Amino acid sequence: MTTEIINLKAILNLPKSTEAFMSDIHGEFAAFDHVLRNGSGNTRIKIHALFNGRLTLHKQKLLAFLVYYPSERLQIVKSQLTAADDLQQWYLNTFSELLELLKFCASKYTRSKLRKALAPEFVYITEELLYGDYNTQDKQNYYAQITQDIINLNSADQFIIALCHTIQRLVVDHLHVVGDIYDRGPAPDKIMERLMHYHSVDLQWGNHDILWLGAAAGSPLCVANLLRICARYNNLAIVEDAYGINLRHLSMLAEKYYQDNPGFHPKLTAHESQPAAAELAQITKIHQAIAIIQFKLEGAAIDRRPEFQMQDRKLLTQLNAEQTKITLHQQTYPIVNGCFQTVDPQHPYRLLPEEQEVIEQLTQAFSHSEKLHRHMDFFMAKGSMYLVYNNNLLIHGCVPVDKKGQFEGLTLKGHTYRGKALFDLLEQNLRTSYANPQRSDDLATDLLWYLWTGPKSPLFGKRSMTTFERYFIADPQTHVEVPNSYYNLRHDVKFINKILGEFGIDPHIGHVINGHTPVKRGCSPIMADGKMLVIDGGFSKPYQKTTGIGGYTLLYNSYGLQLVTLQPFTTRHQAIAQLSDIVSTKRVVEQEVARKTVAQTDIGQQLQAQIAQLQALLKTYN
Ligand SMILES: O=P(O)(O)OC[C@H]1O[C@](O)(COP(=O)(O)O)[C@@H](O)[C@@H]1O
Ligand SMILES: [Mn+2]
């Protein structure tokens, strides 16, 4: 027991490990993967600190890229070093550089934690090489023998790859993803797989993630919205190929009722090539079919849930009899790109029997997709509406408030839920709905759709979503989505202190960390004297025009908080070939006066409680 107390106390004195925060990855797997591999720029910094003066900048870069992409870089090196002796020398140099770097990265951790991070087959050898005493002649021969054996037994590449992966793993100890893994980009499923294999992660749900959780939970409203977005961004392959959901019935319905319509052509990013004509026509028709199903389902949900207070979003009722004009807030606008052929002016929200059949079949398919469930189970296990972690509050969107900063809420059965209670209510219902995918229009399931688009949804954070107006009305004024007052008020320190207090965080030391709203070019992601940080920097390609950068990562280590700005990522191949690291600047948000230790973290608190328990036990035994 005494040894355990000594061990725990020793851990408390180690420097606080590094947390990384990212958000709004929006399906951009390659960029996300690159940032994980380069430890948000941290690896380069460590290499520089360790090798400056011994390795040229170019050699440092080569070492960094070996750590990020070991297999690919090994191939390139081997194709360049054709003489056996040169390659032999490269292996020897590389072993020693990587071991030195590994030791440096591991200095914050206990030996036992490092052991767990090593590839099992190389644990013994690595520990011998790391902790050995190189000075004595016998030992030197022994190490020379080990390294030579690794090379002779053709294990050099595997050993290097294993060391690189361990370094990648040690540079960032814990990752937070503050929402919106899904939608717009091509590979959210790959991001989920990567996260499922990541050593330590938590997730806060974003409004887009809710659509996928909702689809798996049996919500036709979420299914329709997510399919519409996939069609809009030419990403239906995610649904069909990644998650194995058959869109044939939807496609047949679309083929029967819809024609070409420029308002429903998919949005393509600069590097994406235009789909072939037949495919383009098919996507455009599906896009219309599912949008109309969505608007019909939404009208029915609004009627079913007067407590959501969304009556003003029943726009199909505002069309004139010919469906050529619409009246909103006493103003009449012409309809552009109209496609209301399945909408009965007398009963605009009634689905055609075939639409009903299609959406039921699709909802079934989503709630039965094995792979989607694997990903969503992980989202449920690691995810939440908000997280309090080391005195920081992590929320994707906002805490809804009125103009004066008073918490606004949702009233259900006479009770108003606001502030933290609103988050807890919504999370509880989400968990209920996810556990009961066979229910499709109960309150818990409808609340998932509310999370996506409701006026008091903390994940949406705007008065109303103007999807209908964006498709069918030309006047851009109707497209404006009015943000919750939170977004004005969050620049103010007092307001942020109030939010932190609501979630039980000491306002003197805490921060709020948000994603969701891309930080526009020229605007600062650091607000309220550094207590409010917005980290949606534009991983999402369509939003890079607005932000001018490729994303942010926030790092929180023993020295304080730093914000890393990333340049747009092109492709993995190009990154490796040109050694282009996308980290551009690193800004210190807050610097600790003295280096923070484990004792000052949440884990430190738990360890202290354990120590106290052990000490009490020891006393009773003595
Ligand atoms: O860029 P698009 O595809 O028009 O989407 C716009 C919609 O996305 C939203 O901004 C929500 O997505 P974000 O969570 O990424 O902001 C809606 O408020 C808006 O209606
Ligand atoms: Mn969002």
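Two strands are said to pair if DSSP finds at least two bridges between them, and the strands themselves, like the helices, are DSSP runs numbered from the N terminus, with at least two residues (E) for a strand and at least four (H or I) for a helix. The structure described here is a predicted model, in which local features need a pLDDT of at least 70 and side-chain atom pairs count only at pLDDT 80 or more, while totals for chains, interfaces and linings use all residues. Residues are numbered from 1 along each chain as its sequence is written, and chains are lettered from A and ligands numbered from 1 in the order in which they are written.

**Confidence**

The chain averages a pLDDT of 95, and 100% of the residues score at least 70, pLDDT being the predictor's confidence in each residue on a scale from 0 to 100. For the complex, the predictor gives an ipTM of 0.96 and a pTM of 0.96.

**The seven-stranded sheet**

Seven strands form an open sheet with mixed pairing, in the order β6-β3-β2-β1-β14-β15-β16. At its edges stand β6 (383-384) and β16 (583-591), and because each has a single partner strand, one side of each is left without a neighbour in the sheet. Helix α18 (residues 370-382) packs on this sheet and touches β3 (201-204) and β6, its direction making about 95° with that of β3; a contact here requires C-beta atoms, placed from the backbone, within 7 Å, and the angle, on a scale from 0 to 180 degrees, is taken between N-to-C directions of axes fitted to C-alpha atoms, for helices over the stretch in contact.

Within the sheet, strand β14 (residues 551-557) is largely enclosed by the rest of the structure, because seven of its seven residues are buried. A residue counts as buried if 20 or more other C-beta atoms, placed from the backbone, lie within 10 Å of its own, as exposed if there are 12 or fewer, and as partly exposed in between. In a regular strand the side chains alternate between the two faces of the sheet. On one side of β14 are G551, T553, L555 and N557, on the other are Y552, L554 and Y556, and all of these are buried.

One neighbour of β14 is strand β15 (residues 560-566), with which β14 pairs in the antiparallel sense over seven bridges, and the two strands form a hairpin with two residues between them. Strand β1 (residues 19-22) also pairs with β14 in the antiparallel sense, over three bridges, whereas β1 and strand β2 (residues 174-177) pair in the parallel sense over four bridges. In β1, E19 and F21 point one way and A20 and M22 the other way, and all are buried. Bridge partners from this sheet are set out below.

| Residue | Bridge partner | Strand of the partner |
|---|---|---|
| E19 | Y556 | β14 |
| T553 | V564 | β15 |
| L554 | L563 | β15 |

**The five-stranded sheet**

A further open sheet, of five strands, has the order β7-β8-β11-β13-β12 and mixed pairing. Its edge strands are β7 (387-389) and β12 (526-527), each of which pairs on one side only. Strand β12 pairs with β13 (residues 532-534) in the antiparallel sense over two bridges, and M527 stands opposite M532 in β13. Helix α23 (residues 493-502) lies across β8 (392-395), β11 (511-514) and β13, running at about 90° to β11.

**Positive phi angles**

Most residues other than glycine have a negative phi. A528, although not a glycine, has a positive phi of about 45°, and its place is in the loop between β12 and β13. With 19 other C-beta atoms within 10 Å, A528 is partly exposed. Q309, likewise not a glycine, has a positive phi of about 55° and is found in the loop between α16 (277-304) and β4 (325-328); Q309 is partly exposed, with 14 other C-beta atoms within 10 Å.

Technical notes
Contact = placed C-beta atoms within 7 Å.
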